[in-house]
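The entries follow the order in which I checked things.

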Amino acid sequence: MKQIPPVDLTRQYQLIKEEANLAVLDILNSGRYIGGEAIATFEQEFANYVGVTECVSCNSGTDALFLALKALNIGAGDEVITTPFSFFATAEVISRVGAKPIFIDIDLNTFNLNLAHIEQAITPRTKAILPVHLFGQPVDMTKLMAIAEAHDLYVIEDCAQAAGAAWGEDKIGSIGHVGCFSFFPTKNLGACGDGGAITTNDPAIAKQMRILKEHGSPSRYRHDFIGINSRIDAVQAVILTVKLRYLDHWNEQRQRAAAYYQELLQSISSLKLPQALSGGISVWNQYTVCISDQQSPPQEKRELVKHKLQDKGIVSMIYYPIPLHLQPVYQDLGYQKEQLPIAEKAAREVLSLPMFPGISEVEQERVAYALKDCLLEA
Ligand SMILES: *Cc1c(COP(=O)(O)O)cnc(C)c1O
């Protein structure tokens with residue numbers, strides 16, 4: 001039987017093939033591979049889409065976060081409050097600028113920061129909050145911005161998995177001081193290689209980021225400080241410009257697929273299904289369930305289910321098996337096991353099911369029936 005992968009990017013490509021091929025050929029023929037019109041056009045269109053005045057493109061989501069922290073002057077001696085349940089880059093960039101990540105526990109319904117824990121984590125050294133809209137689910141930005149404003153903190157949104165998601169009327173990436181996006185191929189808006197962008201309504205921050213990403217150089221061969229080299233290729237920019245026009249369509253397909261999983265799986269009592277927060281629009285980068293069990297340790301049961309699914313041709317993923325506060329590299333931060341129990345529970349129990357634009361109902365039914373069987377057997 002044909003395998004169902006966690007993500008199938010070829011189905012997106014089929015839809016944009018002619019347009020994307022032509023756009024790429026144009027770039028190849030133009031000889032202009034770095035910078036130029038293609039970059040400016042993408043930045044303008046992405047800024048319009050997110051609903052901000054400024055978009056600064058760069059090489060990756062990781063660089064976007066790094067540039068944002070640097071431009072806000074966050075560094076040694078500063079603390080940044082963030083989630084322990086995310087891709088490593090979220091915390092890594094905080095450490096890379098010399099600041100200290102402060103992890104607070106998450107909410108199991110959304111897998112996002114539990115905002116109730118933020119205020120007790122604020123110290124005189126706190127400079128910013130770095131929320132992640134994990135799996136495409138927006139954080140409650142109304143509450144988060146109120147806390148940030150009350151304590152005079154910056155908000156850097158990690159939007160890597162949530163291009164197109166919204167809180168209320170506003171797209172994520174337009175609510176905090178800066179929004180950081182990744183265009184890694186499997187993200188909702190994915191390039192055919194690496195790419196990233198930062199969105200903001202603050203022209204001074206945007207200007208600073210533009211200088212930083214070009215070797216600290218405000219004008220050619222003059223260098224005011226140490227920066228980095230971070231740019232998106234023209235080929236990726238034109239592909240993204242084409243794909244941006246399909247983003248809402250693809251996100252709707254993800255939303256439909258999520259609703260169908262919900263319908264297919266809701267009767268299984270040993271599964272905890274993800275819930276969309278009212279007030280937000282999730283774009284379902286992942287559809288992630290929790291496998292809990294009173295009898296055997298949940299981690300063992302999850303592994304068993306994952307292997308049994310694999311035997312039936314269904315590839316599921318574990319995002320993320322080790323919470324950030326328990327990563328070996330962060331041992332010296334001094335977090336103990338069970339200190340952030342919900343994040344640790346999530347790390348033990350989560351399983352992400354196949355989710356991508358173009359997944360068929362028949363495939364989802366196969367996933368659901370196989371999962372039911374596996375849970376009974378496990
Ligand atoms: C993908 C991702 C990043 C990093 O993006 P890259 O483009 O791979 O550097 C950062 N944060 C989160 C939550 C991500 O999912």
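Before sorting any lining by class, I noted the classes: Ala, Val, Leu, Ile, Met, Phe, Trp, Tyr, Cys and Pro count as nonpolar, Asp, Glu, Lys and Arg as charged, and the others, Gly among them, as polar. I also noted that this is a predicted model.

**Entry 1: the largest pocket**

I looked up the lining by class and found 13 nonpolar, 11 polar and 3 charged residues in the largest pocket. The volume of this pocket is about 510 Å³. I counted 27 lining residues, and those nearest the centre are F87, Q161, F184, K187 and Y320.

Which domains supply this lining? I found that domain 1 (9-104 + 112-244) and domain 2 (247-377) each contribute at least three residues to the largest pocket.

I then checked the helices. Helix 3 (61-71) and helix 4 (89-96) each provide at least two residues of the lining of the largest pocket. Helix 3 gives the most, with 3 residues.

**Entry 2: helix 3 against helix 4**

As both helices turned up in the pocket lining, I looked at how they are set against each other. Their axes come within 9 Å and cross at roughly 40 degrees. An angle under 35 degrees would count as roughly parallel, and 65 to 115 as roughly perpendicular. Helix 3 is therefore oblique to helix 4. I noted the hand of the crossing between helix 3 and helix 4 as right-handed.

**Entry 3: the second largest pocket**

I read off a volume of about 290 Å³ for the second largest pocket. It is lined by 15 residues, and I34, G35, K213, E214 and R231 are the closest to its centre. By class, I recorded 3 nonpolar, 6 polar and 6 charged residues in the lining of the second largest pocket.

**Entry 4: the cavity**

How many cavities of 30 Å³ or more does the structure hold? I found 1.

I listed its lining as N109, T110, F111, L134, F135, Q137, P274, Q275, S282, W284, Q286 and T288. Sorted by class, the lining of the largest cavity has 5 nonpolar and 7 polar residues, with no charged ones.

Terms used
Residues are numbered from 1 along each chain as its sequence is written. This is a predicted model: local features need pLDDT of at least 70, side-chain atom pairs count only at pLDDT 80 or more; totals for chains, interfaces and linings use all residues. Side-chain values use heavy atoms; hydrogens and water are left out. On a 1 Å grid over the protein atoms alone, a cavity is a set of points where a 1.4 Å probe fits but cannot get out, and a pocket is an open set with protein on both sides within 12 Å along at least five of seven lines; lining residues have an atom within 4 Å of a point. Grid points are joined across faces, edges and corners, and a volume is the space filled by probe spheres set on the points. Helices (H or I, at least four residues) and strands (E, at least two) are DSSP runs, numbered from the N terminus. Domain bounds come from an automatic or database domain assignment. Axes are lines fitted to C-alpha atoms, for helices over the stretch in contact, and angles run from 0 to 180 degrees between N-to-C directions. Angles under 35 degrees count as roughly parallel, over 145 as roughly antiparallel, 65 to 115 as roughly perpendicular and the rest as oblique. A crossing is left-handed if the near helix is turned anticlockwise from the far one by less than a right angle, and right-handed if clockwise.
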